[in-house]
Amino acid sequence: MDAAVAFITSFPLVLVVSLLFEGIDRKIHARMQKRIGPPIIQPFYDLIKLFNKERIIPVTASTRVFEIMPMIAAAASILGASILLSNTLSGLGMIGDLILVMYLLAMSSIALMVGGLASGNPYAAIGFSRKMSMMIAYEIPMFIAIISVAFGPPAVLTIDRVIKFQISTRLPLAVSSLSMASAAATLLLCIPAAASVVPFDIPEAKTEIIYGFLIEYGGPYLALAKIAKAVSNFTLTLLVSVVFLYIPSLLGEEALINLGISLSICLAVSLLIMFATITVPRTIFARLKIGQAFKFYWMLPLALSILSIILSVIGL
Amino acid sequence: MKFGKMLRDALRSLFRKPVTVEYLTKPGRMVPVSERFRGRLTYDRDACIGCLLCVRVCPSGVIASTEDMKVAFNISRCILCGQCAEICPKEAIKLSTQFEIITGNKNGLILK
Amino acid sequence: MTAERDVEREVEVEYTRLRIPFGPIHPALKEPVLLRVSVRGEEVVDVDMALGHVHRGIELLAEGRNLIQTLYLIERICGICSHSHTTCFIQALEEIGGITPSKRALYLRTLIFEMERIHSHLLLLGVIAYEIGFDTLFMFTWHVREKILDLFEKITGNRIHHAMNTIGGVRWDLTPRMVEEIDAYMREVEKSVKYIHNVFMDGTVEKRVCGLGVLSYDDAVKLCVVGPTARGSGVDIDVRRDHPYAAYDELKRDFSVVVERGCDVYARTEVRILEIFESINIIRAILDRLPDGPIRPKENVFRLMRGIPEGEAISLVEAPRGELLYFVKTDGSGGLKRLKVRTPTFSNLIGLKPMLIGCEIADVPVIVASIDPCLSCTNRLIVIDQERGESNVIDVDSLRHRVRRRWMRQ
């Protein structure tokens with residue numbers, strides 16, 4: 001498949017798949033709580049409803065920033081997801097590497113934060129400061145884990161090379177070496193915080209600060225914010241599944257020929273990752289406080305990520 | 001740590017039938033209500049002797065007397081306490097088990 | 001006018017302090033109360049309370065109605081402890097009228113009372129779980145509670161507003177089959193509550209509720225808090241034991257008063273969990289020793305109402321949230337001269353201030369929930385009509401006539 005075609009087709013694919021993922025997550029979450037739960041395509045219904053609603057901008061908001069930030073957030077996360085997905089889809093190298101994907105993900109959540117802060121709501125201000133501390137807590141281990149890929153056996157940062165490296169060794173990266181295993185573990189531990197689900201949904205805790213920086217958003221803006229969140233959650237899970245757990249690599253060269261099959265395997269793996277890192281934690285844990293969450297992230301994932309970078313430098 | 005236990009229970013309920021039920025509006029397929037359930041009022045106009053005891057005990061002003069010494073009910077105000085049915089000497093007022101009282105036609109809620 | 005100025009002040013940001021309005025509409029609060037919380041960073045430095053958002057003027061409405069109408073009106077003061085309110089009111093009436101209900105009626109009253117306590121406490125446990133972000137526990141807890149509501153529907157005909165009490169007795173009797181069902185359900189609830197108790201001792205839950213919202217013994221006594229809030233601070237009070245009413249005098253040996261000395265949210269939660277077990281004990285004792293006999297006087301309730309002379313009485317019950325007090329003054333012709341209700345939440349709300357100062361924002365909802373606030377009860381106490389900013393006396397008769405005329409025309 002042509003790289004440009006793959007890039008363009010991945011835009012709608014990203015939207016549909018990530019919203020489906022959200023629907024599946026909500027359904028499983030409900031069933032774990034003994035509820036029937038919403039239909040799997042409920043996120044689509046939500047979006048249709050939200051886009052048809054009127055735009056409300058609070059009087060205290062600085063209008064421009066408030067309006068434009070959800071768009072930036074949604075655009076950034078969709079772009080990040082598309083880069084990742086089109087690389088997997090085409091098997092060809094194209095613009096962007098892992099650092100760019102991480103950057104776009106961070107940018108999407110920062111854009112939402114800033115837009116929320118521009119609403120002038122005190123709850124949004126608290127949410128902003130909480131998200132700030134949380135980002136410091138989880139972004140650093142995440143970046144270190146990604147960088148350790150460059151120091152480790154693959155010694156590259158472009159996604160297609162990482163995939164090709166895994167195919168050439170016929171092993172997923174996470175099981176190929178100790179350093180990569182701990183990098184994968186770091187990323188997995190960081191997903192709940194990056195997706196801000198219980199126990200790490202502190203920045204938007206609904207019973208404490210009423211969704212924090214999302215509080216004043218409604219209608220189309222909220223729809224964009226929801227898209228940004230759903231897509232960046234999907235990107236995180238896909239990132240782990242493509243970069244660290246590329247199961248199709250077990251097939252060897254076949255994986256590059258039957259790209260459709262390898263993509264569906266990747267999506268299945270990322271669905272499993274989403275179940276383990278987003279659905280299950282938010283079902284079985286209670287929300288932590290900001291200090292406790294911070295302590296957790298600087299104790300375990302940071303230590304793991306530093307360990308992975310040390311190990312990869314040594315060459316394990 | 002009891003995370004494991006919570007996880008086990010959550011996974012177990014994942015594969016069981018959920019306890020919530022869909023709201024079905026077809027009669028006969030609704031969740032059954034108990035025998036004593038206090039639902040929409042029914043009124044037997046012929047049995048009524050016009051003692052107006054019900055008018056005096058009704059807490060929310062549902063019941064008013066009509067010119068021919070019978071009563072009329074404004075069900076939209078009814079709080080389903082069942083006091084009128086209890087005090088009626090001829091059992092002309094009864095509470096059915098019908099719990100869906102909402103209607104689009106306000107006049108439909110006047111019972112004579 | 002003052003209200004408008006307050007709203008403006010809340011969004012104003014000081015150099016180090018942020019003043020956030022907590023309520024009256026807030027997902028963590030089930031009922032409207034406005035807490036003006038001043039925070040520095042994440043720490044709460046001051047808190048101010050404003051009530052009156054659901055003021056319904058029930059006391060005034062009661063004065064224009066007869067006693068039977070009032071009985072159903074005051075049941076609507078609170079949806080959770082509706083039976084406590086009617087029992088308290090009926091007790092006062094029976095004292096004025098010199099009516100003694102039969103033994104069986106008293107036992108049945110107590111049975112519904114304890115079932116209500118179980119359902120109220122389960123509701124609160126669910127709410128606390130929800131406040132700390134533990135939705136699954138919330139769902140599990142309310143699933144248990146759902147069954148007791150079904151049981152209420154079977155016994156009394158309604159899930160929430162039981163309408164169980166009537167002058168001189170109760171309105172619905174137990175059938176042998178219901179006795180079996182209650183017994184079976186009690187076994188089930190015992191098992192489930194043991195499980196919930198276990199989960200509340202779980203790591204993440206414990207982190208969120210231990211050592212929080214401390215109300216010391218001295219403060220608890222000084223601020224006159226009641227019910228589980230007081231018992232969680234080591235104050236040993238319980239109306240059921242201290243001033244027995246209904247059948248509690250004969251059930252004295254079947255329950256003990258749960259007192260915890262932890263003074264924090266966890267202690268108050270645990271008091272409630274253990275009280276559920278005590279309630280189960282009481283219900284079992286009632287089912288064992290349920291006396292035979294009539295459940296209500298043969299006389300028509302209207303005639304009974306007419307027979308109540310002019311007089312006044314104070315009545316106390318231990319509602320799920322604490323001591324509930326009614327002052328009733330009748331006018332001798334089936335009406336009321338004055339009704340005064342002092343609900344437990346009114347006493348407990350004052351205790352919130354020492355609990356909240358010094359905690360984090362994240363803890364505010366949990367602490368507020370831990371006193372189990374029932375604000376609809378409390379707001380009934382304010383006698384000013386805040387809607388128009390003037391005290392406006394509603395002429396009930398004219399209002400009723402107007403309404404009646406309108407729909408009769410249709």
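## Terms and numbering

Two strands count as paired if DSSP finds at least two bridges between them. The strands themselves are DSSP runs of E with at least two residues, while helices are runs of H or I with at least four, and both are numbered from the N terminus.

What you're looking at is a predicted model, where local features need a pLDDT of at least 70, side-chain atom pairs count only at pLDDT 80 or more, and totals for chains, interfaces and linings use all residues. Residues are numbered from 1 along each chain as its sequence is written, and chains are lettered from A and ligands numbered from 1 in the order in which they are written.

## How confident is the prediction?

The model as a whole scores ipTM 0.83 and pTM 0.83. Residue by residue, there's pLDDT, the predictor's confidence on a scale from 0 to 100. Chain C has a mean pLDDT of 79, with 83% of its residues at 70 or more.

Which elements of chain C have the lowest and the highest mean pLDDT? The lowest, 48, belongs to helix α1 (residues 2–11) of chain C, and the highest, 89, to helix α4 (residues 82–97) of chain C. At residues 1–5 of chain C the pLDDT is below 50, and this stretch has zero contacts in the model beyond near neighbours in sequence. (Two residues are in contact if their C-beta atoms, placed from the backbone, lie within 7 Å.) Residues 380–399 of chain C also stay under 50, but for them the model has 22 contacts beyond four places in sequence.

## Chain C and its partners

Let's start with chain A. Its contact with chain C takes 28 residues from chain A and 24 residues from chain C. On the chain C side, the elements giving two or more residues are β1 (17–22), α5 (103–131), α6 (135–156) and α8 (203–209). By class, that side of chain C has 13 nonpolar, five polar and six charged residues. Here Ala, Val, Leu, Ile, Met, Phe, Trp, Tyr, Cys and Pro count as nonpolar, Asp, Glu, Lys and Arg as charged, and the others, Gly among them, as polar.

Now chain B: this contact takes 27 residues from chain C and 26 residues from chain B. In chain C, two or more residues come from each of α3 (67–75), α6, α7 (176–200), α13 (301–306) and α18 (396–409). The chain C side that touches chain B splits into eleven nonpolar, ten polar and six charged residues.

## Helix pairs in chain A

Two packed helices are described by the angle between their axes and the distance between the axes. Axes are lines fitted to C-alpha atoms, for helices over the stretch in contact, and angles run from 0 to 180 degrees between N-to-C directions. Angles under 35 degrees count as roughly parallel, over 145 as roughly antiparallel, 65 to 115 as roughly perpendicular and the rest as oblique. A crossing is left-handed if the near helix is turned anticlockwise from the far one by less than a right angle, and right-handed if clockwise.

Helix α4 (residues 98–117) of chain A packs against helix α10 (residues 219–244) of chain A at about 155°, with the axes 10 Å apart, which makes α4(A) roughly antiparallel to α10(A). Their crossing is left-handed. Among the residues in this contact are L105(A) and L112(A) of α4(A), and A228(A) and L239(A) of α10(A). The contact has eight nonpolar, four polar and no charged residues.

Helices α1 (residues 3–32) and α3 (residues 63–90) of chain A have axes that come within 8 Å and cross at roughly 120°, so α1(A) is oblique to α3(A). This crossing of α1(A) and α3(A) is right-handed. The residues that meet include F7(A) and F11(A) in α1(A), and I78(A) and L85(A) in α3(A). By class, the contact of α1(A) with α3(A) has eleven nonpolar, five polar and no charged residues.

## Strands in chains B and C

In chain B, β2 (residues 63–65) and β3 (residues 71–74) pair in the antiparallel sense over three bridges, with A64(B) standing opposite A72(B). Five residues separate β2(B) and β3(B) in this hairpin, and M69(B) in the turn has a positive phi of about 60°. β3(B) also pairs with β5 (residues 110–111) of chain B, antiparallel over two bridges; there F73(B) has L111(B) as its bridge partner.

Chain C has an open sheet of three strands, in the order β6-β7-β8, with antiparallel pairing. At the edges are β6 (310–319) and β8 (336–342) of chain C, each with a single partner strand, so one side of each has no neighbour in the sheet. Neighbouring strands are turned by 10° against each other on average, direction ignored. Six bridges join β7 (residues 322–331) of chain C to β8(C), and V328(C) has L339(C) as its bridge partner. α4(C) packs on this sheet, touching β6 and β7 of chain C, and its direction makes about 145° with that of β6(C).
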